[in-house]
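Subject: Structure for you to look at

Dear colleague,

I am passing on the structure that I mentioned, together with some notes on what was found in it. Please open it beside this message and read the two together.

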Amino acid sequence: SSPALISRGASLSRSVRLLTDRLVDLSASNVKLRRRLDETTEEGMRHRRDLQVVRSELNDAQAKASELNGAVDELRNEMSEHRDERRRLSDRTIELEEMHRRAAARAESNER
């Protein structure tokens, strides 16, 4: 019975050694995976911060665009008012020229 126990003990010893080696391999693999997870998490955080910066810049750009659109609308209104004023001045100039022409014709008629 003793040789059988020795053989069984040796077999168990080999199994323990193999399992221990496998455990060491798995531990090393686990360390690598944790390191990679940490790197990926850091990378994700960096991307999130970059995204926040981009969002902030986009919001600033949209606010600026809105401000510029308002300024463009104001300029359009001013241009429209100036066009209307030029039209009124042109009409008034035509009226005055016509009055001047009639006055000159009357003056010429009175001289005769």
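This is a predicted model: local features need pLDDT of at least 70, side-chain atom pairs count only at pLDDT 80 or more; totals for chains, interfaces and linings use all residues.

At a relative accessibility of 49%, arginine 88 counts as partly exposed, where buried means under 20% relative accessible area, exposed means over 50%, and partly exposed lies in between (with a 1.4 Å probe and protein chains only).

Residues are numbered from 1 along each chain as its sequence is written, and side-chain values use heavy atoms, with hydrogens and water left out.

Now for the overall picture. The C-alpha trace spans about 160 × 15 × 10 Å along its principal axes.

Of the 112 residues, 0% are buried, and the protein exposes about 10500 Å², of which carbon and sulfur atoms supply 55% (areas come from the Shrake-Rupley method with a 1.4 Å probe, and for residues only the protein chains shown count as cover). There are 23 positive and 22 negative charges, and their mean positions are 13 Å apart; Lys and Arg count as positive and Asp and Glu as negative, whereas His and the chain ends are not counted, and the place of a charge is taken as NZ of Lys, CZ of Arg, CG of Asp or CD of Glu.

The count of salt bridges comes to 9, a salt bridge being a side-chain nitrogen of Lys or Arg within 4 Å of a carboxyl oxygen of Asp or Glu.

In one, glutamate 67 pairs with lysine 64, the closest N and O atoms being 3.6 Å apart. Because they are 3 residues apart in helix 1 (residues 2–111), about one helical turn separates glutamate 67 from lysine 64. Glutamate 67 is exposed at 52% relative accessible area, whereas lysine 64 is partly exposed at 44%. Lysine 64 is also 26 residues from aspartate 38 in sequence and 39 Å from it in space, C-alpha to C-alpha.

In another, arginine 76 forms a salt bridge with aspartate 73, with 3.7 Å between the closest N and O atoms. These two residues are 3 apart in helix 1, so they are separated by about one helical turn. Arginine 76 is exposed, at 53% relative accessibility, while aspartate 73 is partly exposed, at 42%.

In a further one, arginine 101 meets glutamate 98, the closest N and O atoms being 2.2 Å apart. Here too about one helical turn lies between arginine 101 and glutamate 98, which are 3 residues apart in helix 1. Arginine 101 is partly exposed at 48% relative accessible area, and glutamate 98 is partly exposed at 30%.

Conventions: Helices (H or I, at least four residues) and strands (E, at least two) are DSSP runs, numbered from the N terminus.
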